[in-house]
Amino acid sequence: MSMVDNKGLAGEVVETIAAWMLGLLWMLPLLFAIWTAIHPSAYVAKFDLLAPITAQNFVTAWEAAPFARYFLNTMLLVTGILLAQFVLCTLAAFAFARFEFKGRDTLFMLVLVQLMVAPDVLLLENYITIRQLGLVDTLPAIALPYLASAFGIFLLRQTFKAIPKDFEEAARVEGCSTLGVLWRVYVPLGKPIYLAYGLVLVSFHWNNFLWPLIITNSVTTRPLTVGLAIFASVDQGIDWSIICAATLMTSGPLLIAFLLFQRQFVQSFMQTGIK
Amino acid sequence: MYFPVAVGGPVTKIIDDYAAGFEKENPGIKIKPIYAGDYQQTVAKVLTAIKGGDIPETAILLAADLFLLTDEDAVVPMDDFVKTADDTAWMNTFYPAFMENAKLKGKTYAIPFQRSTPVLYWNKDAFKAAGLNPEKGPATWAEMRDMAKKLTKKDASGATTQWGVQIPSDGNTAWLFTGITTGAGARLTNADGNKVAFDDPKVIESVQSWYNLSKVDGVQPSGLISWGATPRDFLEGKAAMIWHTTGNLTNIKTNAKFGFGVSYLPGIRQNGAPTGGGNFYIFKGVPKVKQEAAFKFIKWMTTPARAAEWSVKTGYVATSAAAYDTPEMKAYTASFPQAIVARDQLKFAVSELTTHENQRVSKVFNDALQAIMTGSRPAEAALKDAQREGERILKDFK
Amino acid sequence: MTGTRNTVHAWLLVLPACVLLAAFTHIPIIGTFIHSFYSSPKPRRPSRFVGFDNYEAMLGDPIFWKSLWNNLLYAGVSVPVSIALALAMALFVNGKLRGQGALRLAYFTPTVLPMIAVANIWLFFYNPQYGLIDQLLKPFGVIGVNWLGSQGTALWCLIVVGIWKEAGFFMIFYLAALQQISTELRECAAIEGASRWTFFWRVSFPLLMPTTLFVMINAVINAFRLVDHIFVMTGGGPDNATSVLLYQIYVVGFKFFDQAYAATLTMVLLLILGVIAIGQFLLADKRVHYQ
């Protein structure tokens, strides 16, 4: 690729430096967290390269709060939401993309309301609803407001719309029912979208805080984010070494998953054709 | 019975052990502690549970939530369960300072369990370096200010490397501030919790003196001082004296690389300190037999021996004089005399700000204090506005 | 596909999603509206109709106005800056820069970390005595600024954290879009002697409009929705300098247990989101170029 570049080599160097500085800046908090977590608390503010390395912070953090249980809660929660959303959003998106029915467009506009008005904004009302259902402090309660996602429906509808009708026709000719067509034609072709969306979803719900905070009360339902917040708000003052260790523990899985899947992640985004 | 407790971390194990111990001695009663988070979340959980019909038998909630709970008609007085002379004696063993915001209209609604009070910590090495006697902390506010002047050190570029004193002002500013106002001889509220005196001249004087520590005397950082970061600031040697909860004693003892002293909060005119922390409550709407079981549990949890053990393990102040007379406590305080300071300070302690609509009233007060401490509003005007707002919130409770 | 069976099938397909959406979005919106005209239920005084009283109280509440202003400032700054940064990041990573992969990782990392966790780290950074920012700025003569404890700087500090968290996420969308701009276009422009900069402004940027719109919607939503760092770093202080609408709704609803006032505040938030939605919709109609 040859391009007339008025800036020349100097410009490229400047750009490289700028990009790298930004990158370093962006990584600073994580690097600090790692530094602080592996050194004793005396070295929180002293960046002495010869400081002793210890795993004690992780041990203390792990024992100080039931993180194992929090992990379990978060994994169950995220998995549940992932599965439910895939099913519900796929069905709805299929209907919006491929069916003609009265009120379809109005209904779709109504669905899109949730794009702007996240369940978090309606904290109080949703809390009252959950309380009336008798579900306060349960894992399903955390998930319920998010099970149907306007974003998911929107994305999948777009994907399905882009799939040529010939594929569907072919499947129908072979005697596929509506759901069969969905399952055999549309879903497989939408794989990259599912992957990209799934990753975004997992990340979002793993890190979600406010709604789980108000809807959970006990160790058996509390996800990692709320557990971490409670854990960190100690009367005795902040112990950064332990908090950083806990932070790394709670965001570790997600970080590692991203490290492993980042190629696929970016690729799938590129294939989604979000324009 | 299930019982929500506002504690977290390793302390939960101690509570679990207590629950198990009680169950062993009292077969037939099951105790299930629930850790809902901090005081805020715990009381929210309790109120939600009550509204949903799932009422706990007992809970450890903020002493300052007294009016919240009685206004919601959620709790029953302990007096209903006092039957024997022993019971009466037991109810009277607790320090009066802790009982102040446990009583309403002659009835006792709460029993102290995990109570705290703030103290002044000082860095003995820093004192020595500044030419001060390392074994004596400041006895009065003026002395603290003067000592702080000697303790504040700057480096070549003019940056302060060590501040003389740090009194945290973020979050629940009113708590430590009550230490200053009580030391000035002011009372912020009344026993019935329906009056406030935010614009009392002594209160204005208190906040002005506090603000002056930064603005005029230059011995305290300006702006809001972080409660959470202050212990670390002390350990790093960035602050030579700090005000903080006695609950920090163990943390500082473990991590300080220097000798440190603990003293009463130095007052403008007299000694004074707020109390803080949580009490046991018994809830309404639960069968009488369960309430009796809860009462039994509360008595069991607050025996002098247990109160002593709890205090040693957690750093909270033991709730009765009898607790300090136990052999365990005597041994502990002999080896660690700093632990006695908080107890001795109790004779000057008053309850923290406890009123109807406590959260709202506290917020109004805290906002005003924070505005003053960040220099964005003058003391008198801000406190007068806070007083007016406080009166407006409380007018329905006269 | 036959007509009625078609319709029935369609409705069955959308039903589950729509029921949930109705239950947790649409009905609560109506509920909020209704509750804002009643008083909060108390044990000795059940909820009763109060007309516009709650709204009057709100309009007279300085904390409301402060929260509103803070929110608008927060959104007004963080949205354009994070979008601009995201675009810059995408351009950096899309080019032939050295260490692309690592850079992409660096930019995206904040997105996968929970805000509630990183807020504690930022708390350290902003510590006025030995925090990282203080240590970095000392040689420049900026000493001992109480970043989070001063009314003038606290909100800006939170804005920085917000931008840091979000920019990397938006970068991915831009990256995907950039890669779709056909290389032929680029080569044509090169042949015609257009500089990279001209190419960017005249070709890439307009083609990126749909992405920009999409990203902007997300950015705005998050600017009003993400309050986790306020919990950890400032608690809304000093003196409400960092209080925003959703945080205030939490405080009023779950600390004061004042249902009516929380509903009233929520109505304002909903109104703002609604206006922005309509605004973006109209903008979309006018400015978007589709390839």
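# Close-up views of a predicted model

Of the 291 residues in chain C, buried ones make up 48%. Here "buried" takes 20 or more other C-beta atoms within 10 Å of a residue's own, "exposed" means 12 or fewer, and "partly exposed" is in between, with C-beta atoms placed from the backbone. What you're looking at is a predicted model, so local features need pLDDT of at least 70 and side-chain atom pairs count only at pLDDT 80 or more, while totals for chains, interfaces and linings use all residues. Residues are numbered from 1 along each chain as its sequence is written, and chains are lettered from A and ligands numbered from 1 in the order in which they are written.

**View 1. Chain C is built from 13 helices and zero strands.** Read from the N terminus, its elements go α-α-α-α-α-α-α-α-α-α-α-α-α. Helices (H or I, at least four residues) and strands (E, at least two) are DSSP runs, numbered from the N terminus. Along the principal axes, the C-alpha atoms of chain C fill a box of roughly 80 × 75 × 30 Å. Among the contacts in chain C with a separation of 6 or more, 70% join residues 24 or more positions apart. For a contact, the C-beta atoms of two residues, placed from the backbone, must lie within 7 Å.

**View 2. Helix α12 of chain C, residues 245-254, sits largely enclosed by the rest of the structure, because 10 of its 10 residues are buried.** The buried set starts with Leu245(C), Leu246(C), Tyr247(C), Gln248(C) and Ile249(C), and carries on through Tyr250(C), Val251(C), Val252(C), Gly253(C) and Phe254(C).

**View 3. Helices α3 (residues 62-94) and α7 (residues 151-180) of chain C cross at roughly 40°, with their axes coming within 6 Å.** The axes are lines fitted to C-alpha atoms, for helices over the stretch in contact, and angles run from 0 to 180 degrees between N-to-C directions. α3(C) and α7(C) are therefore oblique to each other. Under 35 degrees would count as roughly parallel, over 145 as roughly antiparallel, 65 to 115 as roughly perpendicular, and the rest is oblique. By class, the contact of α3(C) with α7(C) has 20 nonpolar, seven polar and one charged residues. Nonpolar covers Ala, Val, Leu, Ile, Met, Phe, Trp, Tyr, Cys and Pro; charged covers Asp, Glu, Lys and Arg; the others, Gly among them, are polar.

**View 4. Chain C meets chain A through 81 residues of chain C and 76 residues of chain A.** On the chain C side, helix α1 (residues 3-35) gives the most, with 20 residues. That side of chain C divides into 57 nonpolar, 19 polar and five charged residues.

**View 5. Chain A is divided into domain 1 (8-57) and domain 2 (60-272).** Domain bounds come from an automatic or database domain assignment. The C-alpha centres of these two domains of chain A lie 32 Å apart. Their contact takes 10 residues from domain 1 and 10 residues from domain 2 of chain A. The domain 1 side of chain A has five nonpolar, five polar and no charged residues.

**View 6. Chain B also comes in pieces: domain 1 (2-116 + 276-340) and domain 2 (118-274 + 357-397).** Taken over C-alpha atoms, 29 Å separate the centres of these domains of chain B. Across the join, 11 residues of domain 1 of chain B are in contact with 10 residues of domain 2 of chain B. α3 (66-71) and α16 (338-345) of chain B each supply at least two residues on the domain 1 side. That domain 1 side divides into six nonpolar, four polar and one charged.

**View 7. Phe260(B) lies in strand β12 (residues 260-263) of chain B.** Is Phe260(B) buried or exposed? Phe260(B) counts as buried, because there are 23 C-beta neighbours inside 10 Å. Leaving aside neighbours within four places in sequence, Phe260(B) is in contact with Tyr121(B), Trp122(B), Asn123(B), Lys124(B) and Ile252(B). From the C-alpha atom of Phe260(B) to that of Lys153(B), 107 residues apart along the chain, the separation is 19 Å.
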